[in-house]
Amino acid sequence: MTEPVIKEVFGPIGNSTLFVTIVRGIYGGKNYTVCFSSARDEMMEDLISRDLPVFFKIALDSLLNTLKSPSETSVFLLLLTKEEIQENAEISMYLDVLNTSETELERIADDALKNLLFIKYNKEINNKKYIISESGQSFDIYNPENGLSFPVTAVKHGKDVLELLGEMAPDLDEYHSDLYWHETGAYVASNDPKKAFRSFYYFLKLKPADYDKVTHEQIIAAGAIVYQLLADTLNSDYAELIAEVTAEFAERHNLHADALSAWKQAGMASQTMGRIQETRDNYDRGLRLVENVPDKRVKAKMHHSYGISMMLLQHLDFEDRKTFSEKSYDEIIDVAEMHFGVALDLLENEQKEEALWIKSAIKLESIRIAAHRGDLETAVEEFSLLGQSKDFFPDMRLLATLGIYKLAAYKKLSETEGGGSVIFEKCLKEVSESFGDKIIRYPDKRCFYLIYWGDYYLEKKMYDKATEFYKAACDVQYSFSSKEIRPSPSDLKYGDYGGLAAIDIGARLQKALLNLTDQSKAVYGDYEPNLLACLLAEHSKGKFLKRDLGFLAVGVAKNTGAIASNKIFNLRRSLINGNLDHRIAMCDYEWISGEHLTSPSADVKPRDLISSGKFLKRQDIVETLHTPGNKTACLSFYEKSDETLIYIVDDSAEQLDVVKVPIGRRDLKKVFLTLQTGINGDGRSLLPIDSRRTASRRKYFDGFFRLREHLEPIFSKLESVDIIYLSTHGIWHNLPLHALLYPALWTEGKMPDIRYILSLSFLKLLKERQHRNRTKEFSTIGLTVVPALEDDAALFAAIATKFETVFSQTGAGLSKTFGADSTATGFINAMQSSGIHHILAHGYFDSVDNPMNSGILLADDNGLPSKKNIFNRDFSKSNVFSSAKMILNQTAADHITLQACSTGQSFAARGDEFWGMPRACLIAGADSVVAPLWNTDIENSTGLLAVFYENWLIKKMSKHRAIADAQRTVWLTDQENQSNFYNWASFQLIGN
Amino acid sequence: MNNQELIDEIDSLSENDLMFVCGRLEEHLNRDEEPVISETDKENLSAENKKFLNDAGAELSLEQEEPLPEKKALQMLLRTILTYYPEHGSAIGEALEELKRKDVKLDFGMSIALAIIVPAIAAAIIRPQLKYSAKKDGKKSDKNFELKVSGIPGIEKILKATLPFLNG
C-alpha cells in the first residue's frame, strides 16, 4: 500500500489530561479520520507530534487488518500508552469505531482512556485464556470466552477472582516493573523530577523479588540519579523518600556501602527541610551499617556529612530559635564535633583530593564550633587565615561557606563589642568582594547572605534596601518550603525546624516594610508596604491547613471518567488524612487529576488552591470580610521573637493599622503556661481550679490580664465594628483573647461578635466551600452523650435532657445516642445525618506525642469507656475517637460543639499549623466549631451552652451573637472578678 | 464544722480524696507565693523544701518510725495540722465542701505527687515559726547554715508526719 497522505491535523485539543490529536488523511485511496489519544505529558506530546505520519500509518494498518472494510466516514479512536510510543511497538489497541461529531470526541476519548479496557496482553492461567488490561493504575481481567470482565478492585466477585488475581499478581508486577523502569529513564532524560520520582518509587515497590532484567547496582544507581535530580530542583521531600527506599533496597541485598550512601542522602534531604530529628534518624540508620563497610573513605564521608548537617541545622546566629532548649542545642554541636573527629581519624593518612576537601571542610566547621562556644576573636582571625592557607582546599562551595561563616562571626562580634556595626560593615563589604560571586551560587548560602545584608540595612535604617534584600531572601526560603509535601513531624526535643527553615525572614521583611517612610506608595505590584506586611503575616499561617481546605474546595470536572474521579477523591482524602505517605499520594493525585480539577472561582486556579493557597489581594480581603449589613474587621496577630504585630484591617481594606505589642514569643509562652497551669493544674503539685473560687488563682492570670494594657490601642479602632475576626498566630492560638476584648467592649456598651479564624485565606476558603456545598437548612440535631464508667451516669442523663428540651423547641428532629450506645460506629453515622452536632464527653488533648491523637472518649462494644486508660496513657484501650478519625470519617454537620475538656486547644507548631480537634472538625466538613480551651466542669459549661442554643436556635440570633450573648450573661453575674473568665470564656467559636 | 468534725470526716475519706484535700491545703498555704511554672523551678523548690525539712528533722534528732500506709500517713498529717495549727481548718473545710459538690470535670482525673505536695505543706507551716541562724562555715559543706528549733511542739509532730514523704 502507498504511504498515507495527511491532509489535516486538529489538536492537540483542550487542556485536559488527555492529549488528543485528530488526523484526516488518505490511505490506500480512501479518506480516514483517526483520533490519537493519550495521557498528556510533554514527552508524549513531542513524540506523537514528531512521528504523526508514522503513527497514522501504523494505526491504519492495524485497523484495516482488524476491521477488514472500515467505513471512510468513521472516526477511529486509538488510545496510546507511553510504552507503545517509547518502544515504537505495533499499536495493538483497537477500541471502537465511532460515528460521532468531533466536538464530542474529546469527551469520549477521555472517558475511554479512563474507563475502557486497554488490552495489554493475553495470559493463560489454569488452561483458560485471559486478556489482562490496564486502566490507569487498576487492572481488569477479561475473559474472551464468556465476555465477562472483572475489575481488580471488585472483591465482590468472590473467591475465584481473588485466586485468579493472586496467580496473576507476579505477572502484573513484572509487567509494571518494566513499565516503571522505562518511565524512570525517560523522565530523568526529559528532566521531569517528580514523574521520575513516581515511576522509580513504584518500580521499587512493585518489582518482584526475582526480577532480573536490571541489576541491583543499576537500580541503586538509578535511585541516586533520581535523588540528585530531585535535590537539585529543591524537591527535598521527594528526595528523602527516594533515598530511603533506595537505602532499604540496598540493605536488603547487603550492598552496605550503597545503603550507607543512600542513608546519607536521606539525611541531607531531611536537613535541607530543617527537620532535626528526622535528619539524625536517617544518618543513624546509615551508621548501623558502618561496620560492614570496609572502605574508610565511604565511612568518613558519612561522618563528615552527618556533622555538616548538624552544623547546618543549628542557627545560633539568629534570634529566632524558639522551642529549642539550650541543652538540645549544645547536643547538636557536640554530635557534629564527634562525627568530625571520627571522619578525621578515618582520613588520617589519606591525601586524595576528596580527603583534602573533607579535611578543609572540617577545619572550617571546627573554627565555627569554637566561635559558638565563645572564642569569637580567635575564630575571626582563623577564618581570615584559613582563606589564605595553602592547606585549605580552594573549592567553590568551601569558599562560599567560609564567606558566610565569617559574616556570622563578625555579626556576633559586632553585637558584643562597641562600634559593632562598623566592624560588621567592613566584613560585609570584604566578603562581598571576595566571596559574593561564590555565595550566590548556593541557594541556602545566598539566603543567609541576603539576610545579613537586610540586617545591615535595617540597622542603618535604610528600610527600602532592607526590604529589597529580605524580599529576595524570603523568595529563596519560599522556594525551599513550597516544595515540602509532608507537614513536619512534631519534635518536642529540637523544635519545629532548624537551620534556614527556622529563621523568620518574613518577620524581618514585615519590620522593614512597616518602617518605610512612604506608606502610600506601592512597593510590589499594587501592595502598599503595610498591606504587604499584613498579607505576609497572613500567608505564613497554616500552609498545610490551607492546602487541606484547598483540596476540599476544588471540584472534579463533570466529564471526568468514573474511575479517575474515584481515584481523585480517594487520594484527596488520603492527603488530608495523612494515611498514605503524602509524597506518593500527592504525585498520584497530580498525575491522575491532571487538568480535571475545577476551581470555585474563575480567577483562582485549582493548582493554586492545593499548593498552600494564593497570596491574597486587596480585593480578596474586601470580599472575604464583607458581611451584608455589618461592619467587619480582622485583627491579624503575628508572634515574633521580640514582639507581636497586630494588623487591623477593615472590610474596605482601605484602613490598615498596625499595633506593636512588646511581648515576644518567650514571654507569651510563659503567659500561656501560667494561665493553663492556673486553670488545669499541673498534674503534680497544683490541682485544677475550683470554679467557685476562681479568684484564688488570680496570681496565675495576672500575666494574661496584663496583655490587656498592650491591647488598649486596639479598642478605639473597634468602636463601630460588628464582627471581629481574630486571625491568630503561634501561642496566640491558645489564648482566650475574647476574655480580654469582650469585657472592654461590653463595658463601653458595644456588642460585637468575635470569631476565631486561622487566617484570612482560611476564611476565604471556608466561605468558598460554604458557597459550594452548603445549604443553611438542617432538619436534624445530633446529640452524643458519653459518661465514663467512673461518672455519675444520672447526672449526664439529666444534662442530656436539658439539651433535648432546648433542641425540641427548634422544630428540628433529634438524633440522640447516650452512654453505651455512643460507639464510634453510632457516632460516625450520627455525624453524617445531623446539621448540628453536640458532643458531651470526656475530652483529651495530646500535647506530648501527636495533637491529632486528641479527641473524645466514646463507648465500645464492652460498654462505657474508662477514664483510667487515658489517665495511665494506655491509648490502645482508651477508645478515643481521635482528630484523625474525625477527618477520616467526615461529617455532614454544619456546626459541631465539643463539650469536652480542652478539645479547643491546638498545637500551633510545625508551621503554625493549628493541630487538634477543631482543625479536624473543620476539615471533616463543619464550618464552625465551639470547643473549650481548658478543662471545663459539666455544670458551668452546660449552663453556658444551653443559653447559646436558646439564643441561636430559638431566639434566632446569629450563631456568633448567640455565644457572645451567652458568655456576656455569665460575665454579668460576677463582672468584678476578672478571674471569673474561667466560667464564661472557656469556649471559643472557630470558623465562620 | 469544727476541727473535731473535720478530723472525723478526714478519717472517712478515700486516699484520692485525702490527696485532693492536701492539694487544696498546699495551695492555700502558699497563696502568696509567686506561681512556679517551669519544671526546673518546681524541682528546685521541691528539693529546697525537702532539704529544709530534713535539716530540721536532723536538728530535732527525729527518726522515721515504722512506715504507715500512704492513706494512714495522710490522715495523720491532716489530723496533726488540725490539732496543732487549727487556723488552717477553714482551708481544709473548704476542700471537703468542694469534694461534696462533686463538680464533674470533663477531663481524665486529677493527679498529685505527694512527694512534692506534703513537703510543701510542712515547709509552709514550719518555716515561718523557725529562726534561721545562717552561719557560713567557710568550708565546702552540705550544711552551711544552722537551724535552731526548739519549744514549738507542733513542729516536731508535723515533721514526724512528713518524714514518710520526704524521700519519694
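These legends go with close-up views of a predicted model.

**View 1. Where chain B meets chain A.** Here we're looking at the contact between the two chains of the predicted model. On the chain B side, 29 residues take part, and they touch 41 residues of chain A. Putting the chains together buries about 3,000 Å² between them, with 57% of that area on carbon and sulfur atoms.

**View 2. A salt bridge across the interface.** Asp682(A) and Lys42(B) pair up through their side chains, with 3.0 Å from N to O. Chain B and chain A have six salt bridges between them. Polar contacts also turn up here: ten residue pairs between chain B and chain A, counting pairs with both residues at pLDDT 80 or more.

**View 3. The chain B elements that face chain A.** Four helices of chain B each give two or more residues to the side that touches chain A: α2 (15–29), α3 (39–59), α5 (89–101) and α6 (114–126). The largest share, five residues, comes from α2(B). Sort the residues on this side of chain B by type and you get eleven nonpolar, four polar and 14 charged.

**View 4. Phe705(A) against Phe981(A).** A search over all chains turns up 35 aromatic pairs in the whole structure. In this view, the ring centres of Phe705(A) and Phe981(A) sit 5.4 Å apart with their planes at 85°, so the pair counts as edge-to-face; the cut-off for that label is over 60 degrees. Phe705(A) belongs to helix α27 (residues 698–715) of chain A and Phe981(A) to helix α37 (residues 981–984) of chain A, so the pair ties together parts 276 residues apart in sequence. Phe705(A) counts as buried because its relative accessibility is 8%, and Phe981(A) is buried too, at 0%; buried here means under 20%.

**View 5. Trp746(A) and Trp971(A), a tilted pair.** These two tryptophans of chain A have 5.2 Å from centre to centre and 45° between the planes, which makes the pair tilted. Trp746(A) lies in helix α28 (residues 738–747) of chain A and Trp971(A) in helix α36 (residues 959–973) of chain A, so this pair links distant parts of the chain, 225 residues apart. Are they buried or exposed? Trp746(A) is buried, with 5% relative accessibility, and Trp971(A) is buried at 9%.

**View 6. A cluster of rings in chain A.** Ring pairs join Phe701(A), Phe704(A), Phe705(A), Trp934(A), Phe981(A) and Tyr982(A) into a cluster.

Notes. Residues are numbered from 1 along each chain as its sequence is written. Chains are lettered from A and ligands numbered from 1 in the order in which they are written. This is a predicted model: local features need pLDDT of at least 70, side-chain atom pairs count only at pLDDT 80 or more; totals for chains, interfaces and linings use all residues. Side-chain values use heavy atoms; hydrogens and water are left out. Contact means heavy atoms within 4.5 Å. Buried area is the accessible area (1.4 Å probe) that two parts lose on being put together, summed over both. A salt bridge is a side-chain nitrogen of Lys or Arg within 4 Å of a carboxyl oxygen of Asp or Glu. A polar contact is a pair of N or O atoms within 3.5 Å; within protein, one must be able to donate a hydrogen and the other to accept it, and residues adjacent in sequence count only if both atoms are side-chain atoms. Ala, Val, Leu, Ile, Met, Phe, Trp, Tyr, Cys and Pro count as nonpolar, Asp, Glu, Lys and Arg as charged, and the others, Gly among them, as polar. Rings of Phe, Tyr and Trp (its six-membered ring) pair if their centres lie within 6.5 Å; planes under 30 degrees apart count as stacked, over 60 as edge-to-face and the rest as tilted. Buried means under 20% relative accessible area, exposed over 50%, partly exposed in between (1.4 Å probe, protein chains only).
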